[in-house]
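This report covers a helix and a set of charged pairs. Look at the model first.

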Amino acid sequence: MSSCPHRACRLRMAPYSNDSSSVHQGESSSHSHSVSVPPLIVSYNDRIRPLLDAVDKLRHLMVMREGIQLPTIVVVGDQSSGKSSVLESLAGISLPRGQGICTRVPLIMRLQNHPNPEPELFLEYSGKTVHTDESFIAEDISTATEEIAGSGKGISKTPLTLIVKKNGVPDLTMVDLPGITRVPVKDQPEDIYDQIKDIIMEHIKPEESIILNVLSATVDFPTCESIRMSQSVDKTGMRTLAVVTKSDKAPEGLHEKVTADDVNIGLGYVCVRNRIGDESYEEARVAEAKLFATHPLLSKIDKSVVGIPVLAQKLVQIQAGSIARCMPEVVKQINEKLTTNIAELNKMPKKLSTVAEAMTTFMQIIGQSKESLRKVLLRGEYDEFPDDAKMHSTARMVEMINQFSGELHKCIGTDNTANFLMEEIKVLEESRGIGLPNFLPRTAFLSILQRKVNLISNLPVEFVMKAWDYIQVIVLAVLMRHSEHYPQLQQPIRRAGKNVVEAMKDRTVSWITEIVEMEKLTDYTCDAEYTTEWNKLMGNQGTFLNQVLRSDSHPASVVLNGFGNVEVGNLWQHPDCLEQAFDLKMRMTAYWKIVLRRMVDSTALYLQYSVQNLVNKEIEKETIGELMRAGGGGIERLLEESPSLSVKREKLKKSIKVLKESKEVVGNIVDSVSVSSQVVGE
């Protein structure tokens, strides 16, 4: 929210003529003479009036709920500071009086100069308008307050609007807030101070607010709680005007207090006299003018800062300047907020009403889901989930496959260095038969192969199950994302997603189990790498045999190229089959690399193939089937709008309605803003 600057300057006041604005200081207060008082109504340029009307209409539309702050005069003061008396004098009406907090809700006072001699007064609250008159206004305000804030002494943030159309009143709109009190009285909540402070801070914090701080002349200004609050949000005082009440009760030193300005009031002071007893407002103004004209101490105060008429004129001019400066920004914010809300509403899914619309939307959801799955699972694109590493599935699948390959190669029980050749010797001895020597029995090779495959047989199954569990997470995340606005559709879609992944998982487990069984069945490869690797390994046979069968010593271990340090133990005790055992070991070593590589490669390819089938065929078929099985009202029932989405849609519609009305309100006055600024600055 951009701020609205306020210039800390003295607004030039319209001069009052000597015969109507004051009494000569030398005249005695008891002397019989008449003192004429300027009317509260001041000349209000025709270009300014529409601006104030527009702001009042915007406030009535509650555009501030849209985060748009309006230029506002906010009236604050400590309890018993005379705040109500000041507002009564400006409006020419009586407000509720009594002990404790009289103002328990924010009171928006809209004063409008009215040419008709008969005043018009009415209250707006709780969506209704209540007409009243000067005799019953205080009672009606109390009734309205009780309806808003309850019959006790608690307070409420909900505002009450008082509209006063009366001949001679200044054109002003002010927000009167509850008086500040620290100590709760009977029936008041214990945290009354905090509640009041929260309301005040909410209203005075925006840079668009002008703070009218009501101070009693009978107290030290720096000790006033209202001063502390206003200073906390307006440290320079550039948007604070102080009105000093009860000047007749504490005239001593008042001139010095307002001149010294120890509390940094940037918009200046106005000293006033409160209405006493049954005085009429006209009598009170006459007495006020006489007081500041004749009192030996108060008469020293400059006439440009004393009296209700001066206060009225200052407020009107400050308000006009504030509105003229802030209105262009208000218009801009209304337009920007309206554009944003319309765009957000347009992005929301269409509210469905027919089966055709429901089916079209359903197919769009499936189509969008399939395209997202192609991007995530097949093409490795993750622009839809840039910050969610879990959804970068091709990268995660490569990591899982590499881990699977590593686990296969490191599987316990396939260590090639411990008890080197002992397994081969044992198998060869158990495979002997009647026949020519020096032939390598094929049964020996298959026996070792089957044992090794059995040792790793659970790893491929565990891997494919883990892989499909991960794929299921991806599939469900994508499906739920594209169906998030249709919660009744999500259950069958989720079920379909789980079903199709489980089916693909079962199919893959069956396939990998067959692959494992095929590897145990026989030994075969057309890969020339097998022969190359075997020949390479066999090149070490002569050296190895010489080291093991040395007559002078029998080493516990030897270094063998391709294996490292191997344990040879008592191999020298098996000289007859040692050569065959070495050959068998090298053949198995060369072939085992082929087996593991073939298992990893084929598993990766099969997974990719299965995922492609899932995305392109199975997911759509299963989802449609699941939806048809859901029954109970058909697809239109499943696509009913969720309560949360419905609430959001209605909220946006209401917001757009308010903003459109607000735009219409300000649309007719934009051109007058720059002219108004010139008028105020003259």
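Buried means under 20% relative accessible area, exposed over 50%, and partly exposed in between (1.4 Å probe, protein chains only). The model is predicted: local features need pLDDT of at least 70, side-chain atom pairs count only at pLDDT 80 or more, and totals for chains, interfaces and linings use all residues. Residues are numbered from 1 along each chain as its sequence is written, and side-chain values use heavy atoms, with hydrogens and water left out.

Helices (H or I, at least four residues) and strands (E, at least two) are DSSP runs, numbered from the N terminus. Helix H3 (residues 83–91) is largely enclosed by the rest of the structure, because nine of its nine residues are buried. Among them are Lys83, Glu88 and Leu90. Gly92 follows H3, with a positive phi near 70°.

A salt bridge is a side-chain nitrogen of Lys or Arg within 4 Å of a carboxyl oxygen of Asp or Glu. The structure holds 33 salt bridges.

| Salt bridge | Closest N to O |
|---|---|
| Glu424 – Lys585 | 3.6 Å |
| Asp527 – Arg597 | 3.8 Å |

Glu424 sits in helix H12 (residues 422–430) and Lys585 in helix H18 (residues 578–630), so this pair ties together parts 161 residues apart in sequence. Both Glu424 and Lys585 are buried.

Asp527 lies in the loop between helix H15 (487–521) and helix H16 (529–538), 70 residues from Arg597 in helix H18. Asp527 is partly exposed at 33% relative accessibility. Arg597 is partly exposed too, at 37%.
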